[in-house]
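Student: I have a structure open and would like to understand how its chains meet. Could we go through it together?

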Amino acid sequence: MKRYKTPSIIFAIFMLTIACYIFMATNNPIKAEQINFQIDPMLLQIEIKPGSQFNYEYKVSGSKNIEYIIQPKAFIPKDKIGNLKSLNETPDFLDWIDYSKTEIYFNNDKEIISVQMKINVPIEVELKDYYFVTSVSSKEIENNQTGNILSGEIQSPVLLTIEDISKPSARNGKISSFNTNFFNSQKPINFDLVLENTGDLLFKSSGYIEIQNLITKQITKENLLPQNVLAHSSRQIFNTTQTDKYPYLTWYPETLFGIFKAEAKIKYPSTSTVNLLELNSVPIYFIYIDFYLLILILTLFFFLVTIIIFKNRRSYSPLQR
Amino acid sequence: MQKKVLIFILLLAFIFIFSFKRAKAFEAQSENFRLDWGNLNDFAGQKSSDNYSLVDTGGQIAPGLYESDGFKAMIGFEYLYSIIPFTFTISNSAIDFGTLSIDTPKTDTTNLIVTSGAAHGYQVTASENNQLDNLAYPGTYIEDTRGDNLDITYLNNGDWNINTTYGFGYTLANITGTDAEFTSGYKQFSDESNSEPEQIVMNNIGITQGSEVQVTYKINIGATQESGTYQNRIKYICTGTF
């Protein structure tokens, strides 16, 4: 009897192991499912004439076992620093946009899938800007646990300008703010420059700020980044990118002291002979004294005052009297 | 005596000048990522129109700029050539708090990771479809927390340390970088069903590689909470700047 017991125990252990393996394999916690997104390019700007078609191939990547949806969503500028807010509404112009795939599955995590975007612009269309994002969103994975079902989305902006590109229209805008501190002792000097687009077509902040030292008459120019100023929105303009947390429009004075005049000059487009927009700010004036020079002046002043006080005390001391 | 005083003042002034740390502003522009416009007269075979196909007859007149009779297209930022891809990772697709006990808070986490080559950065927003809802009795909620001082909303972060403060909320911590919108106290997720606009949880106004923020979810229930399975949906949206 005992001879037949050992194989049955081994068989039971084997079956138990198989059962455990199946349980573990089919009962993976959903938490482990990572959701990845990648889209290229990050930004697409198109100027197109009515009745034309434009094709572009996006490169999209994601996680396997997750279903993704690709679709256009209209957006509006959200703030002055280039962030946007996609809208839940679906304006008619989104009907012009088609993607070769609307649902995407990835066979492995590093797979890159090409998705063709086609924009068919009707002949009869209002000549203005239309803004949308190409949105890649993950479908939620259902479960019945107490907690949260997470999903995500990555959005790449598309700036669509519809006009006769051989005869582009004039842009409308203004410099709504240009200023700096009147007294500066720190390098660099920060300027605040905000452009407002009051028209229906975007323009770029191509141009410079011109700074003149009123003592030496020396003029320097600080080029601006040609940032997109979207229709009916404002944009803060910078001359640097890739700063830690906040970019600036900055200028490094080369002298220790100076009285300066600064003007912002915008010309769009910068390279063309056609001038669609030209903006000049009201001049602003400011003083710069280098920090160390300022400290030296203050120290000398402090010594002078101290010496005068000591001299005065000595002259009034009872011993001398 | 007066000489000694003068020497002392001079010494003080000397220490003052040289120990004074100058405030430094950032000049973090990197030449690795900046590229002036050139005229390469080259192409990449991705762009076409019905009037014109760039692959056959046209070209790239500058990095990222393509032109034909019918359109002009610019890919990326003309003043910044970046090879950094735009990626976004959510570390998990669900949060399972398991069985909840009265007056015993539970937490769980999600890590958000972003790499962005956009000239002016990115932002990640978050929102919930509604408060944690009872699957068997819809409309019975574990409400979003108000915090220990009743000051927590989807806009304001506040303290939540007491075990008799109930509800659901989240806080943020920087793992890599400093992109978390706040790092102290807790907030409610903005509630779409209540028309609350999605809120920024993570952002940067520059190029970033592998910025990582940890979202910690916290839940706590009281004795009056209806038993059952409660669930909601949280959505994170990562957007590049224009």
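Student: Which side chain of chain B meets A:Glu140 in a salt bridge?

Tutor: Good place to start, and keep in mind that this model is predicted. A salt bridge needs a Lys or Arg nitrogen within 4 Å of a carboxyl oxygen of Asp or Glu. Here the N to O distance is 2.4 Å, and the partner of A:Glu140 is B:Arg233.

Student: How many salt bridges are there between chain A and chain B?

Tutor: The pair A:Glu140 and B:Arg233 is one example of a salt bridge. For chain A and chain B, the count is four.

Student: Which element gives the largest share of the side of chain A that touches chain B?

Tutor: Several elements give two or more residues to this side, among them β3 (53-62), β10 (147-162) and α2 (291-315) of chain A. The largest share is eleven residues. The element that supplies them is β10(A).

Student: Which strand of chain B pairs with β10(A), and in which sense?

Tutor: Let's look at B:Arg233 again: in β13(B), this residue stands opposite A:Ile149. The pairing runs over six bridges. So the strand is β13 (residues 230-240) of chain B, and the sense is parallel.

Student: How much area is buried between chain A and chain B?

Tutor: First, see who takes part: 87 residues from chain A and 90 residues from chain B are in the contact. On the side of chain A that touches chain B, 39 residues are nonpolar, 31 polar and 17 charged. Carbon and sulfur atoms give 55% of the buried area, and the total is about 8,100 Å².

Note on methods. Residues are numbered from 1 along each chain as its sequence is written. Chains are lettered from A and ligands numbered from 1 in the order in which they are written. This is a predicted model: local features need pLDDT of at least 70, side-chain atom pairs count only at pLDDT 80 or more; totals for chains, interfaces and linings use all residues. Side-chain values use heavy atoms; hydrogens and water are left out. Contact means heavy atoms within 4.5 Å. Buried area is the accessible area (1.4 Å probe) that two parts lose on being put together, summed over both. Helices (H or I, at least four residues) and strands (E, at least two) are DSSP runs, numbered from the N terminus. Ala, Val, Leu, Ile, Met, Phe, Trp, Tyr, Cys and Pro count as nonpolar, Asp, Glu, Lys and Arg as charged, and the others, Gly among them, as polar. Two strands pair if DSSP finds at least two bridges between them.
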